Amino acid sequence: MIDKLLPSAADALADIPDGATVAVGGFGGAGMPEDLIEALIAQGARELTLVSNNAGQGDTGLAALLKAGRVRRILCSYPRMTGSHVFEELYRAGRIELEIIPQGNLAERLRAAGCGIGAFFTPTAYGTPLAEGKETRVIDGRGYVLEYPIHVDYALINAEAGDRWGNLIYRKTARNFSPVMAMAARHTIASVGRVCELGELDPEQVVTPGIFVKRIVRRTPVGSATADQQQVG
Amino acid sequence: MDKQTRNAMAARVARDIPEGAYVNLGIGLPTLVANYLATDKDIFLHSENGVLGRWSAAPAGEEDWDMINAGKEPILLAPGAAFFHHADSFGMMRGGHLDICVLGAFQVSSRGDLANWHTGAPDAIPAVGGAMDLAIGAKRIFVMMEHLDKQGRSKLLETCSYPLTGLGCVSRVYTDLATLELTAEGVKVLELVGDTGAEYLQSVTAVPLDFSALGLAEPAPALPERPLSRSAAAAVNG
């Protein structure tokens, strides 16, 4: 029997090595897998390359991961926002590398990785500073820039519900990057709000089929994973 | 000299969005346009974080933080909406499915180049978001902006001095002083706001203005068809 449900986020993230490329779903706070990020901080992997649309706000979530000094490089579209002081301090101190990527290219480069596409030409950023040094081509009179896939080792995503085969559905705009990150990653770990029996999710409604998902965990309130660890030792 | 308020500009842009249009309203000033879209017309809003339909700002106490717009503000959906993931969302842009994008701008050139993501300040932390995708992501790109920057300089220029967001992408500019169409023949003034005079407008604008089309602005342009593929176009043209 295949059961992708693991007892805890700590179990699901245990094998993430130093130097891994980790994609984290979410757009602002919507779809941000806060419990998985907390478990990643507790797990201790270092020198990570982080792929996420934003670079954290306040002092929790992605900002806490950055603050703990675990991220060497970040690929994102919009790191500068209200409350992104942790990222800003690291960036100004030269302690984190930034690759700034137009949001649609971020999504499409992840999708390309998931679909085995070697590279693609996109009109986005043609003629702008973000296309400097990149191969370009004019096709049918329109300028395009060559972009390469972003291959991901681990994707940490949030879903509304999932079953033991890893089929997932999402909630409202919390879906955002999660389906393409799940496709791009060799190992996708989903934190689900509800664990369903097989067959409970309508096959017509499944957004991410289980083939793209390695492990699922029941979502726990942020703070509980750390508390468990402290109890253990 | 009369200047339109930000809300009046938004109302003016809204008048040019026809029924049936799929529209993305950029963050900031363009978001206001949603407040002025006719409620009796089916106009479809697209938000790049994965929702299509109609919505309004969520009232205090009814916020659902899984239900936000691209500005990360909580919204309340009207019936008929659809959710989708980010790659599909940006496919709607670069695939030519959106009719109109309304964007803010730091600068626009007379050739339609857009600068709206970076002021070029060397110590600024770069952040592009969806700006470059939006710039190439609709059949028509409308810019709404103040005519002059905070130092009183023209934001319409021969060449943008700030880093570009997109090349030759803007077709129409709505400012607090005028409505302008950027064409291959030059910058045509379609409307002047209030008692703004042609001479004054030219005196504060850094590019030559063509006033021959003044008063000819059609209030609601017909929706352009999605461009045919080359081969299909060739077949149609014989």
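What share of the 238 residues of chain B counts as buried? In this predicted model, the figure is 52%.

**View 1. Chain B as a whole: its elements, contacts and surface.**
Chain B is built from five helices and 15 strands. Look at the contacts between residues at least 6 apart in sequence, and you'll find that 62% of them join residues at least 24 apart.

**View 2. Helix α2 of chain A and the glycine just after it.**
Helix α2 of chain A covers residues 34-43. A run of its residues is buried: Asp35(A), Leu36(A), Ile37(A), Glu38(A), Ala39(A) and Leu40(A). So who's in there besides the leucines? Asp35(A) and Glu38(A) are on the buried list, along with Ile37(A) and Ala39(A). Step just past the end of α2(A) and you land on Gly44(A), whose phi is positive, at about 95°.

**View 3. An open sheet of three strands in chain B.**
Here the strands line up in the order β9-β8-β11, and their pairing is mixed. At the edges sit β9 (114-115) and β11 (156-157) of chain B, each of which pairs on one side only.

**View 4. Zooming in on β8 and β9 of chain B.**
Strand β8(B) takes in residues 107-109. How do β8(B) and β9(B) pair, parallel or antiparallel? They go antiparallel, over two bridges. For a landmark, find Val108(B): the residue standing opposite, in β9(B), is Leu114(B).

Key
Residues are numbered from 1 along each chain as its sequence is written. Chains are lettered from A and ligands numbered from 1 in the order in which they are written. This is a predicted model: local features need pLDDT of at least 70, side-chain atom pairs count only at pLDDT 80 or more; totals for chains, interfaces and linings use all residues. Side-chain values use heavy atoms; hydrogens and water are left out. Helices (H or I, at least four residues) and strands (E, at least two) are DSSP runs, numbered from the N terminus. Buried means under 20% relative accessible area, exposed over 50%, partly exposed in between (1.4 Å probe, protein chains only). Contact means heavy atoms within 4.5 Å. Accessible areas come from the Shrake-Rupley method with a 1.4 Å probe; for residues, only the protein chains shown count as cover. Two strands pair if DSSP finds at least two bridges between them.
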